[in-house]
Amino acid sequence: MTGPLGDLRVVEFGQLLAGPFCGQLLGDFGAEVIKVEDPGRGDPMRQWGREKPHGKSLWWPVVARNKKSVTCDLRTDEGQALVRQLIDTADIVVENFRPGTLERWGMAPETLWQTNPGLIITRVTGYGQNGPYSSRAGFGSIGEAMGGIRYVMGEPDGPPVRAGISLGDSLAATYACLGTLVAVHARTNTGRGQIVDSAIYEAVLAMMESLLPEWAVAGYQRERTGATLPNVSPSNVYPTGDGDLILIAANQDAVFGRLATAMDRPELAKDPRYATHSARGAAMAELDTLIAEWTSTVEAEALLATLHENGVPAGRIFRAKDMFDDPHFAAREAIVQVPHPDFGALPMQNATPKLSATPGSVRTAGPALGEHNDEVYGGLLGLDETERARLRTAKII
């Protein structure tokens with residue numbers, strides 16, 4: 001057993017990000033994750049990413065870390081029968097196909113439960129397993145739009161924008177992982193597995209704070225507000241004397257008082273225009289101007305030192321290169337180096353959150369296609385070399 005989930009075996013189907021990120025999270029904490037890929041091309045994520053040194057994706061080693069790769073043609077009867085044998089040994093199946101795909105392949109939950117009643121089946125889709133939209137193709141970007149986050153992102157006078165990451169997919173996968181672990185816990189009492197149904201649009205919706213009651217009760221429609229949140233001030237990015245940008249978040253009353261002291265303007269905290277959260281929210285523009293006039297006269301390092309000394313939350317806006325140089329990242333091992341056959345010591349983000357007694361870890365980078373066929377089909381399922389060779393020749397694996 002390696003890690004707190006080392007007693008769990010996961011069979012991961014699907015591709016790209018929504019399902020595989022769930023598998024990554026489980027693998028980070030020790031679950032044995034066996035990823036089943038198409039024999040011909042594997043997961044398309046193997047080819048994704050802007051930069052491809054050695055012709056290889058830099059995304060794949062991260063999302064497929066701590067996993068084993070086996071190949072199997074799930075569109076064939078023999079491939080489906082082989083994978084059902086594998087599922088019979090598993091605790092969890094993770095998939096992100098359109099609803100009905102597993103059923104067409106003879107792997108409906110009711111069928112799988114006949115031979116593995118404790119199996120947890122985690123299904124990640126755009127719209128969920130039922131409802132009028134369930135059969136539609138569902139990408140993360142559409143879930144972000146439908147879940148509400150796209151509408152509120154961007155400048156007030158511009159169109160909705162997206163984050164520079166696959167936010168919807170990652171949120172749905174994170175909630176899928178949460179649901180999976182809840183189902184594992186429930187199984188200790190019932191002995192039975194269940195379906196974990198994680199929809200991208202619902203995962204996004206879950207993050208939308210008071211959006212729904214604001215509309216239903218107060219008739220307030222959240223709009224795009226650029227770099228600020230309505231009525232939350234000061235909480236913005238401010239210029240420094242040496243051309244840098246510093247984010248300051250001092251919207252609580254006590255924290256704003258400390259900011260006013262740092263600015264050598266303690267009277268601001270008692271000024272009725274700024275003394276309360278609501279007052280500061282109403283005076284956001286003029287307060288931001290006051291703060292920017294001060295920050296623009298101080299170089300970034302000195303500004304940060306003053307703010308930290310006074311207990312004001314503040315920080316730089318990090319890029320990747322900043323993370324590598326930061327002592328806090330280093331002290332907490334937020335970035336780890338993982339051996340890779342092509343890239344050498346490959347840096348990537350560490351497992352999170354940190355557990356004091358049973359932490360997660362990154363043990364291996366994403367595997368080669370079918371790298372673990374012999375280990376899984378031979379060692380786990382007991383197929384001899386002659387049978388494995390026949391399956392390879394028939395392009396089943």
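Student: What makes helix H1 (18-28), helix H2 (60-63), H7, helix H14 (320-325) and strand E11 (344-349) part of the largest pocket's story?

Tutor: Each supplies at least two residues of the lining. Helices (H or I, at least four residues) and strands (E, at least two) are DSSP runs, numbered from the N terminus. The model is predicted: local features need pLDDT of at least 70, side-chain atom pairs 80 or more, while totals for chains, interfaces and linings use all residues. Residues are numbered from 1 along each chain, and side-chain values use heavy atoms, without hydrogens and water.

Student: Which element gives the most to that lining?

Tutor: H7, with six residues.

Student: Why is the space called a pocket?

Tutor: Because on a 1 Å grid over the protein atoms alone, a pocket is an open set of points with protein on both sides within 12 Å along at least five of seven lines; lining residues have an atom within 4 Å of a point. This one has a volume of about 1,400 Å³, the space filled by probe spheres set on the points. Of its 45 lining residues, the closest to the centre are Phe21, Gln24, Val62, Arg65 and Gln349.

Student: How many residues of this lining count as nonpolar?

Tutor: The lining divides into 30 nonpolar, nine polar and six charged. Ala, Val, Leu, Ile, Met, Phe, Trp, Tyr, Cys and Pro count as nonpolar, Asp, Glu, Lys and Arg as charged, the others, Gly among them, as polar. Phe21 and Val62, both among the closest to the centre, are therefore nonpolar.

Student: How is the lining of the second largest pocket divided?

Tutor: Into 16 nonpolar, twelve polar and twelve charged.

Terms used
On a 1 Å grid over the protein atoms alone, a cavity is a set of points where a 1.4 Å probe fits but cannot get out, and a pocket is an open set with protein on both sides within 12 Å along at least five of seven lines; lining residues have an atom within 4 Å of a point.
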